[in-house]
Structure formats: structure tokens, C-alpha cells
Amino acid sequence: MPSAEKISELPDIAEAARDPAAATVARFEIRYSRFLDPKGKAVRPLPDFAADGAELVALYRGMVLARAFDAKAVALQRTGRLGTFPSALGQEAVAVGIAAAMRKDDVFLPSFREHGAQLWRGVSLVELFLFWGGDERGSDFAEVREDFPICVPVATHAPHAVGVALAFKLRHQQRVAVCAFGDGATSKGDVAEALNIAGVWRLPLVFVINNNQWAISVPVAQQTAAETLAQKAIAAGIEGEQVDGNDVIAVREAVARAVAAARDGAGPHLIEALTYRLSDHTTADDARRYRSDVDVSPHWSEDPITRLRNHLVGRGQWAKADEERLLAEVSAAVDKAAETYLATPPQQPGTIFDFTYETLPNELVDQRRSALGAAQE
Amino acid sequence: MSEINLVQAVNLALARAMVEDDNVVVLGEDVAAEGGVFRATDGLLTRFGPGRVFDTPLAENAIVGLSVGLAAQGFRPVAEIQFTGFIYPAIDQLVSHASRLRTRTRGRLTCPMVVRSPAGGGIRAIEHHSESPEAMFAHIPGLRVVIPSSPARAYGMLLAAIRDPDPVVFLEPTRLYRAAREEVEDDGAALPLDRCFVLREGTDITFLTWGAMINETLAASDTLAGERISVEVIDLATLKPLDSDSILASVAKTGRCVIIHEAPLTGGFGAEIAAKIAERGLVSLLAPIERVAGWDTVMPLPRLEQYYLPSEARIVAAARRILAYQ
């Protein structure tokens with residue numbers, strides 16, 4: 001990806017005066033923001049919420065929990081006890097930063113690498129294990145009942161976010177829809193259409209691009225010729241900006257600003273969070289086929305969790321004992337959830353029919369009967 | 001009560017549904033001030049305002065996709081796709097999301113939406129305006145596929161579609177929009193979405209059809225009636241879920257069957273019906289099933305479309321072959 005703080009070449013204003021027939025009629029700039037450098041040192045004054053050590057510790061816990069879930073999910077997959085799983089290793093700050101900036105009654109529409117956001121909002125570890133273990137009940141969230149389930153076909157949930165935000169607007173509710181997707185999604189028409197409509201209708205909708213630089217094996221440079229993905233907002237008449245996606249403070253601050261503006265009727269916003277996919281695309285992928293460890297290893301030094309921990313330690317708000325206590329707590333929660341998942345029997349076979357329609361048509365009643373007959377044979 | 005045509009019946013049902021339920025919203029391309037290119041949404045903007053009737057930017061995939069979001073939030077969007085030839089980008093949303101949101105979330109989120117679209121040929125329209133893709137939709141689990149063929153059925157079935165808790169693809173035969181008028185009482189009475197309609201009772205042969213082909217089919221049955229052949233004509237009206245029982249009962253009575261549809265033959269919905277009859281009604285057949293359908297060609301432009309669309313003559317010929325079968 002291009003360097004930070006890229007500002008497109010500014011036109012010569014005097015040009016219009018010289019030749020009104022050839023004036024520059026539009027120009028744009030994309031701002032980039034970061035609060036913590038990779039070592040956890042503040043590079044500018046922190047936003048208000050970061051003055052509170054407890055708030056930062058909560059963000060830290062959210063990222064540690066996401067990573068612990070991630071590691072457990074990969075381990076379960078490797079031992080044949082979970083389906084194919086897309087790790088979010090190294091991208092925890094994007095997910096947690098988004099969720100921490102939202103209100104509970106906002107609606108989140110995730111892609112498939114935002115477990116950290118789902119967990120923060122109240123989706124349970126057991127539900128996530130169930131979903132990735134191949135059980136639809138994992139998307140029947142006990143909390144956040146209006147949040148959308150994980151979206152596997154890339155970008156296709158972006159228009160849903162438009163509909164959800166339109167519902168808020170039509171009902172005069174001060175709620176915001178937040179839609180996350182990856183860099184690859186920005187190549188699809190769904191995202192272009194969603195940005196465009198959100199702009200026209202000034203919807204309370206925040207798009208977050210979880211730019212981990214890779215769409216499976218294809219790097220961003222092969223995805224677009226644009227300098228930034230954030231500037232895709234500009235053509236839709238909405239604001240776009242970049243943040244350091246490995247700086248959870250930056251993500252939370254930018255999303256909170258966008259969400260607050262959207263809630264106040266200022267319309268949609270696009271945030272491109274720059275991060276890096278440290279893992280394979282999924283457990284079914286072998287990234288060494290298309291990128292070398294030499295390419296990946298420098299990005300470990302940008303790890304969002306280490307960064308925030310160093311910052312907290314530097315502020316005297318985190319000690320070894322805190323770390324040990326947190327890891328023990330999180331690990332116990334994840335292990336317990338995994339056990340619950342593994343001990344959960346599959347649904348009854350008849351349930352494959354039962355939610356196709358509210359009321360089963362006769363043909364499906366017949367098919368259900370044959371299926372269950374066959375299952376018992 | 002007054003005599004209205006099919007497109008007016010659609011309009012009447014939309015207005016009725018919007019009065020009944022504030023969650024019903026109408027959206028699409030040119031549906032607001034324009035009132036729809038066929039005037040199906042005429043007057044709704046004035047009556048219900050821009051919060052209930054709105055134009056979308058020109059993006060069919062997003063029209064259906066954002067309707068999924070609205071529906072998940074409890075609205076009942078009625079989205080218009082201007083012509084069925086433009087609906088293909090939106091099939092992704094219908095297949096990947098609208099039809100499976102209930103199943104995926106175990107009923108937590110649902111998708112009570114209607115996608116309306118004028119379908120079929122015979123109006124001398126330009127390229128891509130005369131498609132009959134109903135079989136594509138009928139293949140998608142979780143959808144309902146409805147094609148009314150009269151003003152009264154358009155009114156009653158559209159009301160049912162809007163009230164239905166699941167997504168409905170509602171294909172309106174363009175050729176019939178202004179072809180005939182009948183009295184339609186605006187009484188809010190819905191028609192069932194799981195039953196076909198016996199338009200004529202008969203004993204010698206069954207004609208199964210839907211959409212605009214109703215006209216040619218009825219004409220063929222008139223011709224045969226002149227030869228003392230008694231034809232039972234059934235309008236399927238709802239392709240999914242299919243009312244197999246009524247079809248099988250008719251074939252059991254007549255022992256002969258012609259399936260007529262405008263869409264291309266191969267993989268057309270007629271194949272599904274023929275298979276159903278073969279599976280469950282073979283012993284009652286006195287002759288092979290015939291299908292009279294569009295050819296397996298690209299829909300021709302208007303100067304040749306008469307050679308594509310199944311004609312009364314083709315239907316009569318098929319019936320005669322079956323009746324002569326020994």
C-alpha cells in the first residue's frame with residue numbers, strides 16, 4: 001500500500017483564473033492518523049477516552065480475547081474439531097476498535113475476520129465456535145439480535161448495511177450501521193453501489209475497510225491502481241480517511257468520530273484501517289505459495305497487542321501480574337467455551353427444513369418426512 | 001367496484017398494502033415521480049410521501065440488497081426491478097441472502113420482501129426487455145415465485161406476497177398489463193400463494209401454464225372445444241411452492257397433459273412439472289406429456305419474436321398429437 005499521509009497533487013488555483021475553460025473542478029485529500037507508534041509511544045496527544053487507563057485496559061483485553069479465541073479455533077481446526085477458519089491474527093485492533101466505538105443498539109455487519117468486534121458486542125465465544133464448527137445456531141445471537149451474521153460472499157453485505165441505515169433514517173432513530181469488509185471487497189460492485197447510495201441518501205452508515213493487504217493471494221497493488229482505498233469514498237461524495245489499523249486507539253477514535261457524526265445526521269463515512277494479515281487466509285490456505293516469511297516477519301513488529309501493552313506498561317498501568325491474570329482469565333473463558341461447543345450435540349436433522357420458510361409448504365413437509373425416514377433407516 | 005387492467009390492479013394492491021401497514025415501502029428505479037415505467041406505482045408518491053415511495057440510484061443488485069437490510073429491520077420493502085432482463089445482478093442477493101437469512105440465523109433475522117418485475121415478451125420491446133427467467137428463481141430454496149395472469153389474481157396475490165413473511169419474486173406478465181380488464185374489488189382479500197387456479201374444467205386433456213401464455217392457451221382450448229374436446233386449463237400462478245396435488249388431480253382425471261411456457265424449453269419450469277407427473281402420476285397418463293415452450297434460443301428482437309413465442313397453433317398441434325396417441 002502507499003505510504004501514509006498521501007495527499008493528491010493539489011491543482012494550481014490560479015489556473016482557473018487563467019483559463020476558465022479548463023479549470024480544475026474537484027480535488028481531494030486523504031488524511032491518515034495514528035496515536036501510538038509501533039513501540040507503543042504516543043506520537044501525538046491521545047484522545048480523551050485514552051486518558052482513562054481502564055478504558056485502554058478494556059481495549060487490550062478485547063484484543064487478547066480475540067487472539068485467544070483465534071488461536072483456539074485454529075487449534076481445533078488442526079485437530080479436526082472445527083471447520084475451515086479465517087484467522088484474524090494481527091488484525092485485532094481493527095475489530096476491537098470498531099466495536100468499542102459503537103453503541104449496543106447500533107447494528108454491526110461484519111465480514112468474516114472481525115471476531116474481536118463480535119465478541120466485544122456480545123456475541124458469545126460459544127456462538128462463534130458453533131458457527132465455525134458448522135452449526136447455524138452460531139448465528140442466532142442471544143445478544144445483539146439485530147447484528148448481521150458473518151458474511152462469507154465478499155462485499156455482498158454492504159448493500160444490507162445501506163438498508164439497515166435507511167431503516168434507522170426512515171424511523172428517525174439515532175442509530176448507526178457499521179459495515180466492515182476487507183480490501184478485496186473494494187473491487188466489487190456491491191461496495192461501490194453501497195457507498196454511492198449511502199452518499200446520496202446521507203445515511204447513518206460507517207464503512208470500515210479492514211485492509212490487511214491481501215485478498216487470499218492477491219495483494220492490494222493488484223486490486224486497485226488507487227493510492228488509497230479510502231479515496232473510494234470521495235467519488236461517492238462521502239468522507240474517507242486512513243488510520244493505522246494496528247493502533248487500536250486510532251481505530252476507536254476514527255470510528256467513534258464517524259459514528260457520532262452519522263448519529264447526528266452528518267451522513268456516512270469510510271475508514272480504511274491499514275493492518276496486515278499475519279496468518280494464512282484461512283486454515284485451508286498456505287500463504288507461502290504466494291508470499292515469503294521474509295515479507296511477513298517485519299509486520300510482527302507492528303503487532304497491535306504488543307503495541308498497546310508497551311504503551312500501558314510505559315504509563316505504569318500494566319504489570320506482569322496483570323498480564324498473567326488476564327491471560328489466565330481469557331484462556332479459561334476460551335477453553336470453557338470450546339468445551340461447551342464440543343459438548344453441544346448437532347441440531348436435529350429436521351431443522352435443515354424448519355427455517356426455509358416461516359410455514360413449511362406441503363412439498364417441504366413431504367421432503368422433511370422422507371429425509372427423516374431416511375435418517376432413521 | 002370497477003373494471004381495471006393488470007397494472008392498475010398492481011397499483012391498487014400496493015396502495016392497499018401501504019394503507020394497511022406502515023412498514024410497507026416501495027422502492028426502485030423511477031417508481032416515485034415517474035410512477036414506474038409501466039405506471040405500476042403511479043400516484044403512490046403523492047399519496048404516501050417520499051418516506052414510503054422512493055427512487056433508488058440505478059443499481060439492481062443494491063436495490064435488492066438494501067431491501068434485505070430493510071426487511072431485516074422489520075420493513076416490508078416492495079422493490080421494483082424495471083425489467084426482468086435487468087434482474088440478473090440481483091440474483092446474487094436473492095440466492096446468497098434474501099432466501100437464506102431466516103435459515104442462516106435460525107429465524108433471528110427474516111426477509112419479508114417482494115421483488116416485482118415485468119416479465120416476458122410480446123410487447124415489441126427492445127433488447128433485454130422480454131425475458132422469462134422464472135425457472136432460475138424457482139430453483140432457489142427459500143423463495144416464493146408468483147406470476148399472476150389476471151387483474152384479480154394480480155391484486156390478491158400481490159397482497160398475499162407483501163403480507164408473506166418470506167421473500168417473494170413477483171413476475172408481472174408485461175403483455176397482460178393492459179390486455180384485459182375485469183372487476184376487482186378493493187377489499188384487501190388476498191389469494192393463496194400455494195395453490196393453482198383452474199380456469200376451465202375439462203375432461204379430455206389438461207393444459208398447464210402461467211403468465212402471459214394464458215391467452216394462447218385459452219384460445220387453443222376454445223379451438224379444441226369447437227371440436228368437442230374438453231380441455232382443463234390450469235394457471236399455476238405460484239410456481240414455488242408448487243401445488244402438485246391440483247396438477248396431479250387434473251392429470252388423473254384427463255390422462256393427458258400439455259405444459260405451456262414462454263421461457264426456453266431446456267431446464268424450464270415445465271421440466272419440473274413433467275418430472276412430478278412422471279414420478280407421481282405416470283399410471284394415469286394415457287399419452288406422453290408434451291411441452292410447448294420458447295425455443296432454446298436467445299430471445300429474438302421484436303421483428304422475430306412471434307416465431308419464438310409459443311403460439312395457439314403449436315398448443316393445438318401438441319394437444320392433437322397427444323389425443324391421437326394410441
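Which residues of H2(A) and H3(A) meet?

1. Basis of the note. This is a predicted model, in which local features need pLDDT of at least 70, side-chain atom pairs count only at pLDDT 80 or more, and totals for chains, interfaces and linings use all residues. Residues are numbered from 1 along each chain as its sequence is written, while chains are lettered from A and ligands numbered from 1 in the order in which they are written.

2. Domains of chain A. The assignment for chain A gives domain 1 (25–346) and domain 2 (349–377); domain bounds of this kind come from an automatic or database domain assignment. The C-alpha centres of these two domains of chain A are 38 Å apart.

3. Helices H2(A) and H11(A). Helices here are DSSP runs of H or I with at least four residues, strands are DSSP runs of E with at least two, and both are numbered from the N terminus. Helix H2 (residues 53–78) and helix H11 (residues 320–343) of chain A have axes that come within 10 Å and cross at roughly 45 degrees. H2(A) is therefore oblique to H11(A). Axes are lines fitted to C-alpha atoms, for helices over the stretch in contact, and angles run from 0 to 180 degrees between N-to-C directions. Angles under 35 degrees count as roughly parallel, over 145 as roughly antiparallel, 65 to 115 as roughly perpendicular, and the rest as oblique. On H2(A) the contact is made by Arg61(A), Val64(A), Leu65(A), Ala68(A), Phe69(A), Lys72(A) and Leu76(A), and on H11(A) by Leu326(A), Val330(A), Ser331(A), Val334(A) and Ala338(A). Contact means that the C-beta atoms of two residues, placed from the backbone, lie within 7 Å. By class, this contact of H2(A) with H11(A) has nine nonpolar, one polar and two charged residues. Ala, Val, Leu, Ile, Met, Phe, Trp, Tyr, Cys and Pro count as nonpolar, Asp, Glu, Lys and Arg as charged, and the others, Gly among them, as polar.

4. Helices H2(A) and H3(A). H2(A) also packs with helix H3 (residues 92–100) of chain A, at an angle of about 130 degrees and with the axes 9 Å apart. The two are therefore oblique to each other, and H2(A) passes H3(A) in a right-handed crossing. To answer the opening question, Leu59(A), Gly62(A), Met63(A), Ala66(A) and Arg67(A) of H2(A) meet Glu92(A), Ala93(A), Ala95(A), Val96(A) and Ala100(A) of H3(A). Seven of the residues in this contact of H2(A) with H3(A) are nonpolar, one is polar and two are charged.

5. Sheet of chain A. Six strands of chain A form an open, parallel sheet in the order S1-S7-S8-S4-S3-S2; two strands pair if DSSP finds at least two bridges between them. Strand S1 (32–33) and strand S2 (107–109) of chain A are at the edges with a single partner strand each, so one side of each has no neighbour in the sheet. Strand S7 (residues 239–244) and strand S8 (residues 269–274) of chain A run parallel and are joined by six bridges, with Gln242(A) opposite Glu272(A) in S8(A). Helix H8 (residues 248–263) of chain A packs on this sheet, and its direction makes about 175 degrees with that of S8(A).

6. Domains of chain B. Chain B is divided into domain 1 (2–184) and domain 2 (197–324), and the C-alpha centres of the two are separated by 26 Å. In chain B, 28 residues of domain 1 are in contact with 24 residues of domain 2. The domain 1 side of this contact in chain B has 15 nonpolar, six polar and seven charged residues.

7. Sheet of chain B. Five strands of chain B form an open sheet with mixed pairing, in the order S9-S11-S10-S13-S14. Its edge strands are S9 (197–200) and S14 (290–294) of chain B, each pairing on one side only. Strand S10 (residues 205–209) and strand S13 (residues 257–264) of chain B run parallel and are joined by four bridges. Phe207(B) stands opposite Val258(B) in S13(B).

8. Contact between the chains. Chain B gives 34 residues to the contact and chain A 32. On the chain B side, H3(B) supplies the largest share, nine residues.

Technical notes. Left-handed = near helix turned anticlockwise from the far one by under 90°.
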